[in-house]
Structures are given as structure tokens and as C-alpha cells.
Amino acid sequence: MNKTSLYISIVALLVSGAAVFVASQKDAVQAAPAELDVAELTNVLYNNPQMVVDALQQYENVQREAQAREAAKLFLENIEEINNDPNTPFVGPEDSEIVLVEFFDFSCGYCKRLAPIMEELVKANPDVKFVFKPITFVAQISQYAAQAAVAANEQGKFMEVYDALLTSNGLTEAKIDEIAQKAGLDMDKYKEDVNSQKVKETIQAVANLGNKVQIHGVPTLLLNGKPLNTVDTDGIQAEINKLK
């Protein structure tokens, strides 16, 4: 929505609220007048500034609810790609009926805090499929880190590299390669995979999906296609338990 539309919407809310207020002050039984005198409207708003605050809050609530409905629709429309893209790293049973998806960025501070929680949840829920979708918009190094993680996934070492990358600060390509080596990867294969077309296409597919379903922030957690509003161990586990 552009600024003009936003302004018109807010003014409409204010005028509507002011109209009702003025009508109630004049005669509680009569309907609100079709038109208000500008001076009268200005006076009402000036003497009742809370109306402005209330109108803005109402507008924000309406917008949030509309965005949430649109997001829920997009997630469900793209649930197969979100949950079952064969090239996206995952752990747990491939055909599990419970699927927790994390959109994350290796340069994201909040994602770093969530990493040990995700590792704990993976260990506590061997019957759940955990899908990891690396987004790369926070920092330039995120791209190479994501490539390294997907390359590690080719050797069945995704979680080891995922955890090490997210618990390390000041990532560089050299440091990322060192992490891969310490994780026990076959470095010849790793170097072949990390810059391969397949790995880059996997990460680009995640980026395309993120744009399609409007992922604007990380971490974003989806449980069976529905966004989670909690990022602590107990809260996430409670939501998983509801599906068991």
C-alpha cells in the first residue's frame, strides 16, 4: 500500500470515529450526519487526541489480521514445497505427519539463539521431520555459509555444520571451510559441492520460495504449514505435542 492510500485509510477511520463521537454528543438517538463541518471535525479531533491513537491502532490491527490471513493462505498453497522439497536439508522421518520448518539465516543473531533449541528439539522428537531452509539476506557471507551447510547435507553432516556455523561469530569463507573440516567432511567432495550448480540452485529455490510466501524476517518457524509465535523450547514442544 502506498503512502497516499495509507493516508486516505487513516483519515477515513478518523472521520468515521469523529462522526460517531459528534453524533453521540449531539443526540445519542440520532444517526451520525452525512457530512461534518471541517471546523467541527478539527475541533473534535483536537480535543480528543486519543481518537487519533485509537484509529491508528485499529488500522494497524486490521492490516496485521489481513497480512496473517494472506500468509496462512500462501503457506497452505505452497505446503508441499515448504515441507517436502527433496533438496532441502532435513532430519527425521521423511514421511512424518509432523513437520517443523525453519527459515533462517546464518548471520542472524536471533537464529543463533534458536540453534541450540532446534538441536534440542531434534533430539527430543525423533518422530518429527525438521526441515531447514537457509535464507541469505542478512549478510553477504550468508550465501557461502548456506552453500557450505547444503554441501555438508550431501554427506549427511548437516546438523553438525548447522550448529557450528550458528554458534560461531565473525564468519569468513576460510572459517566456514575450517568448520566443515572439523565436522569430518570429505574435503575434496565438499570443495566440489560447495560451489556446485546443484547447491546454488537449492539455495536459490529457498530464496524463491521465501519470496513467494513472503518470508520477511528470520527465524520463521512453520509447524505443519502454520506459523509459530514462540521460539522457546517449552513453547515449541507444546505445539508439537498437540499434534502427537
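**Burial and helix packing in a predicted chain**

Of the 244 residues of the chain, 40% count as buried (under 20% relative accessible area with a 1.4 Å probe, protein chains only). The structure is a predicted model, in which local features need pLDDT of at least 70 and side-chain atom pairs count only at pLDDT 80 or more, whereas totals for chains, interfaces and linings use all residues. Residues are numbered from 1 along each chain as its sequence is written, and side-chain values use heavy atoms, with hydrogens and water left out.

The secondary structure comprises 11 helices and 5 strands, taken as DSSP runs numbered from the N terminus (helices: H or I, at least four residues; strands: E, at least two).

Helix α6 (residues 141-153) packs against helix α10 (residues 197-212) at an angle of about 115°, and their axes lie 9 Å apart; axes are lines fitted to C-alpha atoms over the stretch in contact, and angles run from 0 to 180 degrees between N-to-C directions. The two helices are therefore roughly perpendicular (65 to 115 degrees). On the α6 side, Q143, A146, Q147, V150 and A151 meet V199, K200, T202 and I203 of α10, a contact being heavy atoms within 4.5 Å. By class, this contact has 5 nonpolar, 3 polar and 1 charged residues (nonpolar: Ala, Val, Leu, Ile, Met, Phe, Trp, Tyr, Cys and Pro; charged: Asp, Glu, Lys and Arg; polar: the others, Gly among them).

A115 is found in helix α5 (residues 109-124) and counts as buried because its relative accessibility is 0%. Residues up to four places away in sequence not being counted, A115 touches Y162 and L166. A115 and T167 are 52 residues apart in sequence, yet their C-alpha atoms are 7.7 Å apart in space.

How values were computed: Angles under 35 degrees count as roughly parallel, over 145 as roughly antiparallel, 65 to 115 as roughly perpendicular and the rest as oblique. Buried means under 20% relative accessible area, exposed over 50%, partly exposed in between (1.4 Å probe, protein chains only).
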